[in-house]
Amino acid sequence: MQFLGMFRHARTSHAQGLTKEMFVSLGQSAVSARDVYAQGGLIVMAEGEMRNKSYLTRALKLSCDASMSLITAHAYRMWGADYPRHIEGAVVTAVIDRTEDRMILSADRAGAIGVYYAWRGRAAAFASHPGLLLKMGAAGRGIERDGICELFALGGFFTPGKTAFRDIRLLEGGCVLIADSRGMRVKRYYSIVQEALKKDVSAFGAADYVSSLSRREYALFLSDGISMEIAEEIMGKGGAVFYHAGDSGEQADVFSKRLNAPVECVNVSKEALCEMLKDAVAYTGFPGTGISDAVLLSLMKEAFCLFPAGIAGGKGAFCSESLHQGNLVRFLRHETVEKIDAEGYLRDRFNDLTDRYRIPLGEENGDQWAERLLCTVMNTAQLASRLRLLAEAAGGEIQTPLADERYMACMLNVFSKTENTHSPSKNCRGECVSVICEEALALADLDDQPIFQAVDPRKIRSEVQGQCADVDALCRLLQINSFLYQFDAELSGV
């Protein structure tokens with residue numbers, strides 16, 4: 001599912017041929033996507049799954065087989081810029097209206113489909129992958145102080161609305177970007193946090209989600225938090241085969257015995273693991289969860305040879321973390337640490353987000369609770385987006401309850417009321433430790449690598465040679481270096 005678009009952009013012709021999808025241009029505006037509708041001065045695209053498609057076709061007096069882009073066009077004509085409020089499900093839409101000289105771009109409510117955008121002067125561009133914006137020439141490759149903090153101070157995910165690149169932003173779930181003669185602005189039409197904080201939030205659990213799926217055999221990936229509850233529902237509906245990394249047998253045995261279901265073990269070789277780490281960065285656009293991303297990509301490639309669809313992500317994604325957990329600041333050069341003030345950056349982001357999401361802090365331990373909630377919101381949305389991109393690269397499609405805002409809101413509601421939450425499974429750690437340590441040492445011996453503009457190689461060696469090396473931290477360092485190299489990123493201010 002690749003898509004891109006440009007609005008009032010002089011480099012529209014540069015976008016043609018960057019995707020395999022339909023390309024429609026109109027003057028200095030263009031859209032490329034699988035589902036595009038164009039008429040008169042209007043270009044409309046819609047990508048994803050529109051859950052309330054039947055309701056909208058009736059409300060807009062369209063035939064039941066109308067395309068999502070046609071439905072979106074009619075919704076825009078009916079409700080104007082407010083149309084995203086009427087669309088449910090994991091679907092991204094864009095409307096370019098030449099008559100009104102306006103572009104509207106909407107993210108899905110859960111933020112499960114990444115939508116990246118860049119703005120220069122009066123020109124805007126958006127895409128499903130940050131690399132497309134770079135190739136279009138719509139954004140620069142600069143990474144400044146904020147980007148360095150995002151890469152090293154936040155443990156594996158990015159602040160909502162931000163990326164590592166200075167010129168590239170991520171449109172948050174439940175938000176719409178409007179560009180017109182007044183400039184560019186982002187408005188929120190749905191808040192997953194406010195929905196989760198409602199006392200009367202409707203329960204929408206695993207059984208409800210599974211009942212919405214088509215009846216078929218799925219591959220279930222144990223490596224990313226599939227819960228027993230979801231597994232039981234899937235088995236009752238149409239059967240499944242579980243895939244897991246070779247040395248994570250304990251959890252696999254539990255599932256296999258309880259569900260009386262087959263389990264396929266996928267062993268990831270040293271060479272394959274290192275390549276998967278680099279591939280995961282290229283496919284998702286940014287460093288992610290390190291080993292988990294690499295193992296999951298390997299599992300998907302194996303499973304999709306037999307099953308066209310898989311399911312990943314469940315209760316395990318809703319885990320207790322903090323803004324400081326998993327950060328890599330200790331690896332930075334001393335002068336870099338002084339320049340970026342990572343502690344101040346994290347404090348500012350926390351305050352920004354609590355204000356933006358209107359999170360109450362007055363209760364006992366309010367700061368800790370809010371931080372935990374924010375980290376989970378950040379983690380689950382970006383996990384859903386990464387899962388989709390990895391699945392597409394592996395040649396299949398992924399289903400995940402994290403893409404359904406009803407499930408996310410319900411789980412966040414439960415999460416906000418509990419002390420102890422589910423932790424994601426840690427797969428393939430034993431076999432991978434030596435591999436990652438060897439790769440990290442090899443990296444530290446190469447002084448021409450881009451990461452060493454900010455990182456002290458001596459600190460990497462010290463970590464590896466310590467009594468208990470943090471393999472997840474080392475893995476993320478490897479991915480950050482790969483990211484900087486693959487995208488020719490330009491670090492400044494270090």
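1. Strand 9, residues 123–127, is largely enclosed by the rest of the structure, because five of its five residues are buried. This is a predicted model. Burial here means under 20% relative accessible area. Both faces of the strand are covered. Ala123, Ala125 and Ala127 are buried on one side. Ala124 and Phe126 are buried on the other. In a regular strand the side chains alternate between the two faces of the sheet.

2. Next, the pairing partners of strand 9. Strand 1 (residues 4–7) pairs with strand 9 in the antiparallel sense, over four bridges. Leu4 stands opposite Ala127 there. Strand 8 (residues 116–120) also runs antiparallel to strand 9, and five bridges join the two. Ala127 is again a partner, this time of Tyr116. Strands 8 and 9 form a hairpin with two residues between them. Gly121 sits in that turn and has a positive phi of about 60°.

3. What is the order of its six strands? The order is 4-5-6-7-12-13, with antiparallel pairing. Strand 4 (36–39) and strand 13 (183–188) are the edge strands, and each pairs on one side only. Neighbouring strands are turned by 10° against each other on average, direction ignored.

4. Cys175 stands opposite Arg188 in strand 13.

5. Helix 3 (residues 68–79) lies across part of this sheet. The strands concerned are strand 4, strand 5 (42–48), strand 6 (91–97) and strand 7 (102–106). Helix 3 runs at about 125° to strand 5.

6. Now the helix pairs. How do helix 10 (residues 270–284) and helix 11 (residues 291–303) cross? Their axes come within 8 Å and cross at roughly 95°. The two helices are therefore roughly perpendicular to each other. Helix 10 brings Leu273, Met276, Leu277, Asp279, Ala280 and Tyr283 to the contact. Helix 11 meets them with Ile291, Asp293, Ala294, Leu297, Ser298 and Lys301. By class, the contact has eight nonpolar, one polar and three charged residues. Two packed helices are described by the angle between their axes and the distance between the axes.

7. Leu390 belongs to helix 14 (residues 366–394). Is Leu390 buried or exposed? Leu390 is buried, with a relative accessible area of 1%. Leaving out residues up to four places away in sequence, Leu390 touches Ala280, Tyr283, Thr284, Asp293, Leu297 and Met300. Leu390 and Leu296 are 94 residues apart in sequence, yet 8.1 Å apart in space, C-alpha to C-alpha.

8. Helix 15 (residues 405–415) is mostly covered, with nine of its eleven residues buried. The buried residues are Glu405, Tyr407, Met408, Ala409, Cys410, Met411, Leu412, Asn413 and Phe415. What covers the buried residues of helix 15? The cover includes helix 6 (192–197), helix 7 (206–211), helix 8 (228–237) and helix 14. Helix 14 is also the helix that holds Leu390.

Note on methods. Residues are numbered from 1 along each chain as its sequence is written. This is a predicted model: local features need pLDDT of at least 70, side-chain atom pairs count only at pLDDT 80 or more; totals for chains, interfaces and linings use all residues. Side-chain values use heavy atoms; hydrogens and water are left out. Buried means under 20% relative accessible area, exposed over 50%, partly exposed in between (1.4 Å probe, protein chains only). Two strands pair if DSSP finds at least two bridges between them. Axes are lines fitted to C-alpha atoms, for helices over the stretch in contact, and angles run from 0 to 180 degrees between N-to-C directions. Angles under 35 degrees count as roughly parallel, over 145 as roughly antiparallel, 65 to 115 as roughly perpendicular and the rest as oblique. Contact means heavy atoms within 4.5 Å. Ala, Val, Leu, Ile, Met, Phe, Trp, Tyr, Cys and Pro count as nonpolar, Asp, Glu, Lys and Arg as charged, and the others, Gly among them, as polar.
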